[in-house]
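Please look through the sequence and the model shown below before reading on. The report that follows goes from a single side chain to the arrangement of the helices.

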Amino acid sequence: ELQAPFRRLQQVAKDVATVMRDCKLDVDPDEYASSFQPGLMEVVYQWCRGASFAEVCKIAPTTFEGSIIRAMRRLEELIRQLAAAAKSIGNESLQQKFDGAIELIKRDIVFAASLYL
């Protein structure tokens with residue numbers, strides 16, 4: 001289900017790297033695109049669909065729970081920055097999409113203030 005979006009992501013990354021190279025930056029577009037890994041895509045996708053933390057941990061059994069939490073918190077921060085960028089250029093529709101994504105990600109134990117409650 002996520003293979004097509006991941007291929008699209010890699011193509012966009014390759015296009016970005018091509019522009020970077022055209023701007024005289026030392027980057028190989030193929031190498032840059034292949035640096036994107038889908039390791040936690042399914043975990044985040046299922047989390048956003050409402051799966052419990054225990055369920056998403058089963059999807060990636062070799063990944064530590066703390067690594068999943070850290071990745072989701074970093075993703076939320078990135079999306080928050082993208083929402084702010086969309087707002088600053090006046091793209092309200094894009095900002096709303098980013099805000100909606102934040103609402104899907106930011107819940108439960110992943111964003112608890114402390115795990116030692």
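## A helical protein, read residue by residue

Leaving aside residues up to four places away in sequence, Tyr32 touches Ala13, Ala17 and Val27, where a contact means heavy atoms within 4.5 Å. This is a predicted model, in which local features need pLDDT of at least 70 and side-chain atom pairs count only at pLDDT 80 or more, while totals for chains, interfaces and linings use all residues. Residues are numbered from 1 along each chain as its sequence is written, and side-chain values use heavy atoms, with hydrogens and water left out.

Tyr32 belongs to helix H2, residues 29-34; helices (H or I, at least four residues) and strands (E, at least two) are DSSP runs, numbered from the N terminus. The C-alpha atoms of Tyr32 and Asp15 are separated by 9.9 Å, although these residues are 17 residues apart along the chain. With a relative accessible area of 28%, Tyr32 is partly exposed, because buried means under 20% relative accessible area, exposed over 50%, and partly exposed in between (1.4 Å probe, protein chains only).

### The whole chain

The protein has 6 helices and 0 strands, and its C-alpha atoms fill a box of roughly 50 × 35 × 25 Å, taken along the principal axes. Of its 117 residues, 25% count as buried. Among contacts with a separation of 6 or more, 51% come from residues 24 or more positions apart.

The average pLDDT, which is the predictor's confidence in each residue from 0 to 100, is 94 for the protein, and 97% of the residues score at least 70. Where pLDDT is low, the predicted coordinates should not be read in detail.

### Helices H5 and H6

Two packed helices are described by the angle between their axes and the distance between the axes. The axes of H5 and H6 come within 8 Å and cross at roughly 160°; axes are lines fitted to C-alpha atoms, for helices over the stretch in contact, and angles run from 0 to 180 degrees between N-to-C directions. H5 and H6 are therefore roughly antiparallel to each other, since angles over 145 degrees count as roughly antiparallel, under 35 as roughly parallel, 65 to 115 as roughly perpendicular and the rest as oblique. Residues that make the contact include Met72, Leu75 and Glu76 of H5, and Leu94, Gln95 and Phe98 of H6.

Glu76 is found in helix H5, residues 65-88, and touches Ile102, Ile105, Lys106 and Phe111, not counting residues up to four places away in sequence. Gln95 is found in helix H6, residues 92-105, and, with the sequence neighbours up to four places away again left out, touches Ala83, Ala86 and Lys87.

The loop between helix H3 (41-48) and H4 holds Ala51, which touches Gln46, Val56 and Arg107, not counting residues up to four places away in sequence. Ala51 and Phe36 are 15 residues apart along the chain, and their C-alpha atoms are separated by 24 Å.

| Residue | Relative accessible area |
|---|---|
| Glu76 | 3%, buried |
| Ala51 | 11%, buried |
| Gln95 | 18%, buried |
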